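This report goes through one protein chain, residue by residue and then as a whole. Please keep the sequence and the 3D view open while reading.

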Amino acid sequence: MSFQSTPWQTVGPYYRLGLEPLYRTGIAPPSALGERVEVRGQVFDGTGLPVSDAVLEIWQADAQGIYAHAEDPRRDDHDPAFDGWGRVPTDENGRFAFSTVKPGSVAGPGGRAQAPHLVVLVFMRGLLRAASARIYFSDEPRNDEDPILHLVPAERRGTLLAQAQGDGLYHWNVHMQGPDETVFFDY
């Protein structure tokens, strides 16, 4: 019997191989209603190196702020062309890109409106569970009123803001650890 070492990745590259048929970088089809946006960025590990084997799962409401979910009370008014999720891999340099529509405002704690945002789950080597974050849009005036964003210390909120680059393009990086660590949420 040979005792070969196992792969260095805690969850291995195997989860990624199993997810490849489910990749969707075009979250909103052309027929979906709303303002088209593209988000680009990179995923970095705790040492600042790009993560070439990460997968970002995106969940969001449609342009009217309605989720494609049976528990959303406005589900019947949801844009039928939009289901609100995608799975986006990183390339060999840790880069990712996806296109969608800017989501509408959804109700938050106590019924207070939340600013438009995307929910992001980060899957990668070394994680036994996905890391949960949000993407807010830097040019969105409703960020100042968002009840969830205000739970984050002011000096850390920038890690959740995709920076507007013009023409519907936004830039947002994920830092898994370190001085610029992205804020991750417990659900």
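The model is a predicted one. With a relative accessibility of 64%, Tyr187 is classed as exposed, because that value is over the 50% cut-off.

Leaving out neighbours within four places in sequence, the contacts of Tyr187 are Ser132 and Arg134. A further distance can be given for this part of the chain: Tyr187 and Ala131 are separated by 56 residues in sequence, and their C-alpha atoms are 9.9 Å apart.

Is Val183 buried or exposed? Its relative accessible area is 9%, which is under 20%, so Val183 is buried.

Beyond residues up to four places away in sequence, Val183 touches Ser132, Ala133, Val152, Arg156, Thr159 and Leu160. For Leu160, the separation from Val183 is 23 residues along the sequence and 6.8 Å in space, taken from C-alpha to C-alpha.

## Val174 in strand S9

Val174 belongs to strand S9. Its relative accessible area is 0%, so Val174 counts as buried.

Which residues does Val174 touch, not counting those up to four places away in sequence? They are Gln42, Val43, Phe44, Val122, Thr182 and Phe184. Val43 lies 131 residues from Val174 in sequence, yet the two C-alpha atoms are 4.6 Å apart.

## The largest pocket

The largest pocket holds about 190 Å³ of space. Its lining consists of Trp59, Gln60, Tyr67, Ala68, His69, Asp83, Gln114, His117, Val119, Arg134 and Tyr187.

How many of the lining residues are nonpolar, polar and charged? Five are nonpolar, four are polar and two are charged.

## Aromatic rings

Three aromatic pairs turn up in a search of the whole structure. One of them is formed by Phe137 and Tyr170, whose ring centres are 4.9 Å apart; their planes stand at 75 degrees, so this pair is edge-to-face. The pair joins distant parts of the chain, since Phe137 is in strand S6 (residues 131–137) and Tyr170 is in strand S8 (residues 169–171), 33 residues apart. Both Phe137 and Tyr170 are buried.

The charged end of Arg24 sits over the ring of Trp85, at 4.9 Å from the ring centre.

Asp167 is placed in the loop between strand S7 (161–166) and S8. Its relative accessible area of 88% means that Asp167 is exposed.

Most residues other than glycine have a negative phi. In Asp167, which is not glycine, phi is positive, near 55 degrees.

## The chain as a whole

The chain contains one helix and nine strands. In sequence order, the pattern is α-β-β-β-β-β-β-β-β-β.

The chain has 187 residues, and 44% of them count as buried. Among contacts in the chain with a separation of 6 or more, 68% are between residues 24 or more positions apart.

Key. Residues numbered from 1 in each chain as written. Predicted model: local features only at pLDDT ≥ 70, side-chain atom pairs only at ≥ 80, totals over all residues. Heavy atoms only, no water. Buried < 20%, exposed > 50% of the residue type's maximum accessible area, 1.4 Å probe, protein only. Contact = heavy atoms within 4.5 Å. 1 Å grid on protein atoms, 1.4 Å probe; cavity = no way out; pocket = protein on both sides within 12 Å on 5 of 7 lines; lining within 4 Å. Points joined across faces, edges and corners; volume = space filled by probe spheres on them. Nonpolar A, V, L, I, M, F, W, Y, C, P; charged D, E, K, R; others polar. Phe/Tyr/Trp six-rings, centres within 6.5 Å; stacked < 30°, edge-to-face > 60°. Helix = DSSP H or I, 4+ residues; strand = E, 2+ residues; numbered from the N terminus. Lys NZ or Arg CZ within 6 Å of the ring centre and 35° of its normal.
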